[in-house]
Amino acid sequence: MFKLIDVQCSSIDEEKASIGALIIREGGTVVFPTETVYGIGADAESDEACRKIYRIKGRQQDNPLIVHVSDIKQAGNYAYTSQVEKFHELSGLWPGPLTVVMPRNDRVSQVASAGLDTVGIRIPDCAFTRDFIRLSRKGVAAPSANMSGRPSATRAEHIMDELSGVDLIYRAEKSRIGIESTVILPQGTKCTILRPGAYTREDLLNIFDIVEYAGPADKVRSPGMKYRHYSPGKQLFRAEKEQLLAYLDIHHDVLPIVTAETAADIKGDRLILGSINDPYAISSSLYDSFRTLDSSKYERGIIECMPEKGFFTSIMNRIRKASVEL
Ligand code: TXA
Ligand code: MG
C-alpha cells in the first residue's frame with residue numbers, strides 16, 4: 001500500500017516534502033504533481049531505484065526518463081549546460097513546461113538515460129514539488145505517472161487506480177496544463193521540438209533562429225515517440241465540428257468530446273473540454289475525458305478537431321495520436 005499525502009502546488013510544506021525526500025534518498029518511488037501531468041519519480045542517480053519505475057509502469061527499457069531538478073544549479077549536476085549555447089535564455093522559461101535535452105554526465109543513472117549520452121532536464125512549475133526535490137538533494141528521474149500506453153494522469157485519482165508498487169502519492173489539485181512538457185533538443189542557434197507542449201514553436205523562435213519539429217527520422221533521438229501513447233482504451237474518432245454534428249445525427253452510440261461552443265448544438269450525452277477561447281481549459285481536461293470515455297457505457301467516442309495554431313498545435317498532436325480520422 002502507498003502512503004497518500006494531500007498537498008497544494010502553490011504552497012511549500014517542508015514537513016510533508018521531507019517525507020517524500022527521504023523515500024527518494026532511500027531508493028523508493030514517489031508520485032508528485034506538476035503543472036503538466038503527474039510524475040512518478042525516483043533517485044536519478046540510482047540504477048536500482050530507476051528500474052522500479054520501469055517495472056511499475058511496464059515501460060520499455062529504451063525510453064529515457066526526464067530528470068526533474070529544483071533549480072538551475074542542480075541542472076548543472078547532471079548536464080553539461082555550458083555546452084548549450086542558448087542555455088541562459090532557455091533557463092528563463094523555467095520553472096515551466098519545458099524539457100531540455102543536453103549532454104549528460106556520469107551522475108545520471110544509465111537506466112534513467114536508457115544508455116543515451118544525453119539527459120532531458122526539467123524544472124516543474126509547482127513550488128511544493130520543487131521543494132520536495134530540493135530536500136531530497138537528488139535529481140528526480142520521472143516519467144508521467146501512468147501505465148505505459150495509457151493517457152498521462154492529471155489527477156491523483158487516476159494513479160491510485162492504476163499504478164501499484166508506489167511508496168507515496170502526493171495528491172494536489174488537477175494539473176493546470178494537462179499535457180506533457182515541450183521536449184526540445186537545442187543545437188547552437190537551432191532547436192528541434194521532439195514533443196510539442198505548452199511552450200510553442202513561436203515561443204522558441206524568440207530564442208532560436210531555426211525551430212523545427214522532429215520528423216520520423218528523429219525517432220531514435222526521442223525514443224518515446226515511437227510508442228503508442230496518450231490514448232483511451234476505446235476507439236476514438238476525430239472530426240471537424242460540422243462533420244462531427246452530422247455524424248451524431250445518424251449515430252447515437254458514440255460519446256462526443258467537444259468544446260463548450262459545440263456542446264450547445266448537441267442534445268444527448270457529451271463531454272465538454274472547455275471553451276475554444278480558453279486553450280488551457282481544453283488541455284487540462286483532455287486526458288480526463290479519455291478516461292471518462294473508457295469508464296462510460298459507450299464503446300466509441302468522437303472528438304472535435306481544434307484549429308492548428310499556437311498551443312492548439314500541441315493539443316492536436318495529442319488528439320491525433322489518440323484517435324483515428326472519421
Ligand atoms: O510534462 C512532462 O514532461 C512529464 C512530467 C512528469 O514532467 N513527464 C513526462 O515524461 O511526460 P515521459 O517519460 O512520459 O515522457 C518523456 C519524453 C519521452 O518521449 C522520452 O523519450 C523523451 O521525453 N526523452 C526523455 N529523455 C530524452 C533524451 N535524453 N533524449 C531524447 N528524448 C528524451
Ligand atoms: Mg509518458
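Mentor: Two residues are in contact when heavy atoms of theirs lie within 4.5 Å. The model is predicted, so local features need pLDDT of at least 70 and side-chain atom pairs count only at pLDDT 80 or more, whereas totals for chains, interfaces and linings use all residues. Residues are numbered from 1 along each chain as its sequence is written, chains are lettered from A and ligands numbered from 1 in the order in which they are written, and side-chain values use heavy atoms, without hydrogens and water.

Trainee: How many residues of domain 2 are in contact with domain 1?

Mentor: The domain assignment, which is automatic or from a database, gives domain 1 as 3-178 and domain 2 as 235-325. Their C-alpha centres lie 30 Å apart. Domain 1 contributes 15 residues to the contact, and the number from domain 2 is ten.

Trainee: Which elements do the buried residues of α5 pack against?

Mentor: Helices (H or I, at least four residues) and strands (E, at least two) are DSSP runs numbered from the N terminus. Seven of the ten residues of α5 (127-136) are buried (under 20% relative accessible area; exposed is over 50%, partly exposed in between, with a 1.4 Å probe and protein chains only), so the helix is largely enclosed by the rest of the structure. The buried set consists of Ala127, Phe128, Thr129, Asp131, Phe132, Ile133 and Ser136. These residues pack against α1, β2 (30-32), β4 (66-68), α3 (72-75), β7 (140-142) and β8 (168-171).

Trainee: Are α1 and α5 roughly parallel or oblique?

Mentor: Residues of α1, among them Ala17, Ala21 and Ile24, meet residues of α5 that include Phe128, Phe132 and Leu135. The axes, lines fitted to C-alpha atoms over the stretch in contact, are 8 Å apart and form an angle of about 50 degrees. Angles between N-to-C directions run from 0 to 180 degrees; under 35 counts as roughly parallel, over 145 as roughly antiparallel, 65 to 115 as roughly perpendicular and the rest as oblique. On that scale, the arrangement of α1 and α5 is therefore oblique.

Trainee: How do α10 and α11 lie to one another, roughly parallel or oblique?

Mentor: Helix α10 (279-295) packs on α11 (311-322) at about 15 degrees, and 10 Å separates the axes. That angle makes the pair roughly parallel. In the contact, residues of α10 including Leu286 and Phe290 meet residues of α11 including Ile315 and Ile319. The description for α10 and α11 is thus roughly parallel.

Trainee: Which residues does serine 289 contact, leaving aside its neighbours within four places in sequence?

Mentor: Serine 289 belongs to helix α10. Its relative accessible area is 5%, so serine 289 counts as buried. Beyond those sequence neighbours, its contacts are Ile257, Leu271 and Leu273.

Trainee: Is leucine 22 buried or partly exposed?

Mentor: Leucine 22 sits in helix α1 (14-25). Its relative accessible area is 47%, and the class is therefore partly exposed.

Trainee: What is the phi of arginine 137?

Mentor: Arginine 137 is in the loop between α5 and β7, and its relative accessibility of 58% makes it exposed. Most residues other than glycine have a negative phi. For arginine 137, phi is positive, near 55 degrees.
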